[in-house]
Amino acid sequence: MPRSTGRVLTLLELLQSGGTRTVAELADRLGVDGRTVRRYVDQLVDLDVPVESVRGRYGGYRLAPGYRLPPLMLSDDEALAVLLGLVAGRRAGLMAAGHTASETASAKIRRVLPKHVAHRLDTLLEALTFTDQPGDFDTPDAGVLLTMADAVRHRRPVSIRYTDRDGRRSERTLHAYGIVAHAGRWYVTGKDERIGEDRTFRLDRIADARTLPGSFEAPVGPGPAQRVLSGFATAEYRHEVTLRIHGTVDQIRARLPAGVASLEEHEPTVGEDRAAERWRRVELRAERLDWLPPVLASLDRPFVVERPGELRDLVSAFADRLASYARQA
């Protein structure tokens, strides 16, 4: 590729990144003088790329708003980052448009890669392994996802058709605070106008979303991610569990994260170390209790089961099994 042609393409890439670029900035990035920058701009215009000239103190050049650019130009590192992102997103179940869209996007990028880059990428993917199997998750409809994102950004109410985990369908008006990706799924959290309380909804269970007239103010307090995690920890399940655990917040959260349990925290008194070990109340809700004894054992911290009594029995039985295993020759 002639050197001047390469610089013209680099100029297009700089303009493609958005905003107005001054002549001095472009000249410095391209290693040429201002007159050469103007000549390169003329070449882009001759190729029907709508480069606009902006006058004034902060003037320069920019691409016309709304212009659909030709195929993206990615460096080797950028192409690798995009493809690895697609692979990782597919493995984590966080593809917003399903498996097919991810595969076709990957294929399109791979087709235009230089051979040496494609070979290096194939070598990496052959050497790459994951510690878990790909998640079998439902992906949200892309139209629903984008509609919800627009409603969040502009603080617009949105009407949704939702199917809950028991198969019940309903229509709701939601004041959406934010979209959260957690544990391989997409969620939206906000105020459900029908009941006047905050709720969290799985995006793949929303069949339709339409923005409505009006606006709302976002509440102060925890952000969307914290609201989602708190919602999981306080969701209605069969068992309500209350524990007291002696340890630091980090020690407890290592086995009982915010999406699983709520942790009572107090402001330290004067002279008290915030990270010091002490008794802390932990509350959680669960459909089953059999998974809790191994988790509590893995904490390796003193604990007291306040309720339910059934959990105390399960912990005792688990301890007896461990003791019997340890006594075996």
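This is a predicted model: local features need pLDDT of at least 70, side-chain atom pairs count only at pLDDT 80 or more; totals for chains, interfaces and linings use all residues.
Me: What makes the span of helix H7 close to the expected one?
Reply: Helix H7 covers residues 142–154, which is 13 residues, and reaches 18 Å from its first C-alpha to its last. The expectation at 1.5 Å a residue is 18 Å.

Me: Which residues of H7 are buried, and how do you know that they line one face?
Reply: The buried residues are Val 144, Leu 145, Met 148, Ala 151 and Val 152. Seen down the axis of H7, they fall within an arc of 130°, so they line one face of the helix. As background, an α-helix has 3.6 residues a turn, so residues three or four places apart point the same way.

Me: What does the face of H7 turned away from its buried side carry, and what do the buried residues pack against?
Reply: Leu 146 and Arg 153, both exposed, are on the face turned away. The buried residues of H7 pack against strands S3 (158–163), S4 (169–182), S5 (185–192) and S7 (206–211). Just after the helix, Arg 155 takes a positive phi of about 55°.

Me: How many aromatic pairs does a search of the whole structure find?
Reply: The search finds two.

Me: Why is the pair of Tyr 162 and Phe 201 called edge-to-face?
Reply: The label requires planes over 60 degrees apart, and here the angle between the planes is 75°. Tyr 162 lies in strand S3 and Phe 201 in strand S6 (residues 197–202), so the pair ties together parts that are 39 residues apart in sequence.

Me: Why do Tyr 162 and Phe 201 count as buried?
Reply: Buried means under 20% relative accessible area. Tyr 162 has 8% and Phe 201 has 3%, so both meet the cut-off.

Me: What makes Arg 244 lie over the face of Trp 279?
Reply: Arg 244 is at 5.6 Å from the ring centre, and the cut-off is within 6 Å for CZ of Arg, together with an angle within 35 degrees of the ring normal.

Technical notes
Residues are numbered from 1 along each chain as its sequence is written. Side-chain values use heavy atoms; hydrogens and water are left out. Helices (H or I, at least four residues) and strands (E, at least two) are DSSP runs, numbered from the N terminus. The expected span of a helix is 1.5 Å times one less than its number of residues. Buried means under 20% relative accessible area, exposed over 50%, partly exposed in between (1.4 Å probe, protein chains only). The arc is that of the directions from the helix axis to the C-beta atoms. Contact means heavy atoms within 4.5 Å. Rings of Phe, Tyr and Trp (its six-membered ring) pair if their centres lie within 6.5 Å; planes under 30 degrees apart count as stacked, over 60 as edge-to-face and the rest as tilted.
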